[in-house]
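Hi,

Here is the model I promised to pass on.

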Amino acid sequence: MVSTSRYNGLSIFIHWAVALLFLTQFVIAETGMELNVKAGELMLGFGKYDWYGVHKSIGVSIFVLVALRMIWRFTSRQPKPIPMPKWDLYLSRFNFILLYIIMVGFPLSGYIMSVAGGHGVKWFWLFDVPNLIAKNQALAGQAHFMHEEIFPIAVYVVVGLHVTGALYHFVVRKDNVLWQMLPLSFLKK
Ligand code: HEM
Ligand code: HEM
C-alpha cells in the first residue's frame, strides 16, 4: 500500500473508539456487573443482568470494529515508518500483534463462554447475535478462565507497554509517533 505521514481518519476513529470501549468494559465489569441482585441494587437505573447485556453488546461491537479495522489496515494507505532504532521498531510491531490477539480474543472468549454456557447474546436489546456454538460446559469453563484470568492481565501488560511506548516517543524521543494517531491534524502541518 502507498504510505502517508499519518493514520487515516477511519483508523484513528476505530483506534480511539476501541481504546475507550475497552476501558468502559473494565468499568462495567467492576461496577454494574457486581451489583447485588437480592438487595435490588441498581446503577443508573439498571440492575446486574442489564449490565451483563450492555457489557456483552459493547463486547460484540468491539469485535465488529476490530474486524473492520483489520480489513481496512490491508486495504487503505498506512503511515510511513518513523525512523527509530531497530529494537524499538520490532518491539512495537510485536506489541501490535499482541494487541490484535487481545482485541479479537477477549470478546471471542466472552462470546464463547456465554453461548457454550447456554446463554444467548443480544445486541442492546435489539437483535439476537447468532448462536454459533452448541452448549458445552467444558468449553464454556475454558473460555471463562481466559476471559477472567488471562485476558485482563494480558491487557494490563500489553496495553501498559503500548501506552508507555507512545509516551516514551512523545516525551523522550519527541518524534511523530503519537501525533500520527491523534485526531488533531490541524495542530501540526
Ligand atoms: C473486548 C471486549 C471485552 C472486554 C475487555 C471484557 C472484559 C471483561 C472483564 C474485565 C470482566 C470481569 C472479569 C473478572 O471478574 O475478573 C468480564 C466479565 C464478563 N464478560 Fe466480558 N469483556 C469483553 C467482551 C465480552 C463479550 C463479547 C461477552 C459476551 C458476549 C462478555 C461476557 C462477559 C461475562 C458474562 C462476564 C462475567 C463473568 C462472570 O460473572 O463470571 N464479555 N469481561
Ligand atoms: C492512552 C492510550 C493509548 C495511546 C496513547 C495509544 C497510542 C497509539 C499510537 C501513537 C499508535 C501508533 C503507533 C505507531 O504507528 O508506531 C497506536 C497504534 C495502535 N494502538 Fe494504540 N494507544 C492507546 C491505547 C490503545 C488500546 C487500549 C489498544 C487496544 C486494546 C490499542 C491498539 C493499538 C493498535 C492495534 C495499534 C496499531 C495500529 C493499528 O493497526 O491500528 N491502543 N496507538
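**What I found**

Aspartate 50 sits in helix 2. From there to tyrosine 100 is 50 residues in sequence and 28 Å in space, C-alpha to C-alpha.

Some housekeeping: this is a predicted model, where local features need pLDDT of at least 70 and side-chain atom pairs count only at pLDDT 80 or more, while totals for chains, interfaces and linings use all residues. Residues are numbered from 1 along each chain as its sequence is written, and chains are lettered from A and ligands numbered from 1 in the order in which they are written.

On the overall layout, the protein chain has four helices and four strands, in the order β-α-α-β-α-β-β-α from the N terminus. Both kinds of element are DSSP runs numbered from the N terminus (helices are H or I, at least four residues; strands are E, at least two). Along the principal axes, the C-alpha atoms fill a box of roughly 55 × 35 × 30 Å. Of the 189 residues in the protein chain, 13% are buried. Take contacts between residues at least 6 apart in sequence: 67% of them join residues at least 24 apart (a contact means C-beta atoms, placed from the backbone, within 7 Å).

Now the helix packing. Helix 1 and helix 2 have axes 10 Å apart and an angle of about 155 degrees, so they are roughly antiparallel. Axes here are lines fitted to C-alpha atoms, for helices over the stretch in contact, and angles run from 0 to 180 degrees between N-to-C directions. Under 35 degrees counts as roughly parallel, over 145 as roughly antiparallel, 65 to 115 as roughly perpendicular and the rest as oblique. Residues meeting across this pair include Leu10, Ile14 and Gln25 in helix 1 and Trp51, Gly59 and Trp72 in helix 2. By class, the residues of that contact are 15 nonpolar, six polar and one charged (Ala, Val, Leu, Ile, Met, Phe, Trp, Tyr, Cys and Pro are nonpolar; Asp, Glu, Lys and Arg charged; the others, Gly among them, polar).

Helix 2 also packs on helix 3: their axes come within 9 Å and cross at roughly 140 degrees, which makes the two oblique to each other. Among the residues that meet there are Lys56, Gly59 and Phe63 in helix 2, and Met103, Pro107 and Gly110 in helix 3. That contact divides into eight nonpolar, three polar and one charged.

What surrounds the ligands? Ligand 1 has 20 residues around it, with Gln25, Ala29, Lys56, Gly59 and Gly110 coming nearest (near means a C-beta atom, placed from the backbone, within 6 Å). Helix 2 gives the largest share of that shell, six residues, and helix 1, helix 2, helix 3 and helix 4 each supply at least two. The shell has twelve nonpolar, six polar and two charged residues.

Ligand 2 is surrounded by 19 residues, the closest being Ala19, Leu99, Ala166, Leu178 and Met181. Helix 1 (9–30), helix 2 (48–75), helix 3 (86–116) and helix 4 (137–173) are the elements that give two or more residues to this shell. Its residues divide into 13 nonpolar, four polar and two charged.

Cheers

Definitions and conventions. Contact = placed C-beta atoms within 7 Å. Buried ≥ 20, exposed ≤ 12 C-beta atoms within 10 Å, placed from the backbone.
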